[in-house]
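Work through the exercises below with the structure in view. Each task is followed by a solution in steps.

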Amino acid sequence: MLFGRGISWGRDFFPDVPRFYYKIIAGIIMAIPLLTTFLPTIRQEIIRRYKYETIPVWHLFFAFLFLGIADTAEHRRLGYQFLVLDPQRKDLIEELMEIPCLLSLALTTFYMQKNEKKRLNKSC
């Protein structure tokens with residue numbers, strides 16, 4: 001997600017570069033994690049975590065909620081007129097909504113790493 005934000009900023013800093021190049025970069029960046037799910041070890045780890053570990057549903061819910069709000073502000077989707085009262089502040093609203101999204105993702109990662117550390121300490 002952070003790399004995607006960098007691509008977005010790249011479009012702002014280098015507006016003369018055709019958008020096609022940024023779409024190619026974004027496609028490659030999105031394809032890498034999707035293709036890794038075909039590796040058997042990663043698939044087994046995903047299945048193990050899904051079966052035996054608790055998933056922080058609220059953290060993920062808030063991550064998707066704030067990502068949706070940021071996307072609404074950026075792409076003028078349904079509810080845009082209620083979210084962005086001043087069109088000149090559209091970018092500010094978008095960036096402010098991405099902060100809790102990234103924080104929720106960080107908390108999810110921290111929670112799952114803490115559980116992994118507990119699991120490894122029990123097995124030793």
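**Exercise 1.** Find which residues UniProt lists as "transmembrane region", and describe the chain there.

Solution. Step 1: the unreviewed UniProt entry lists residues 20–42 and 54–73 under that name. Step 2: in this predicted model, residues 20–42 are 87% helix and 0% strand, with end C-alpha atoms 31 Å apart. Step 3: residues 54–73 are 85% helix and 0% strand, and their end C-alpha atoms lie 32 Å apart.

**Exercise 2.** State where in the chain the confidence is lowest and where it is highest.

Solution. Step 1: the chain has an average pLDDT of 81, and 88% of the residues score at least 70. Step 2: the lowest confidence is in helix H1 (residues 2–13), with a mean of 62. Step 3: the highest is in helix H3 (residues 40–52), at 90.

**Exercise 3.** Decide whether Glu 53 is buried or exposed, and name its side-chain partner.

Solution. Step 1: Glu 53 sits in the loop between H3 and helix H4 (57–75). Step 2: its relative accessible area is 12%; buried means under 20%, so Glu 53 is buried. Step 3: its side chain makes a polar contact with the side chain of Arg 48, at 3.3 Å.

Key:
Residues numbered from 1 in each chain as written. Predicted model: local features only at pLDDT ≥ 70, side-chain atom pairs only at ≥ 80, totals over all residues. Heavy atoms only, no water. pLDDT = per-residue confidence, 0-100. Helix = DSSP H or I, 4+ residues; strand = E, 2+ residues; numbered from the N terminus. UniProt positions renumbered as here; feature names shortened; annotations may be inferred. Buried < 20%, exposed > 50% of the residue type's maximum accessible area, 1.4 Å probe, protein only. Polar contact = N/O pair within 3.5 Å; in protein donor to acceptor, adjacent residues only side chain to side chain.
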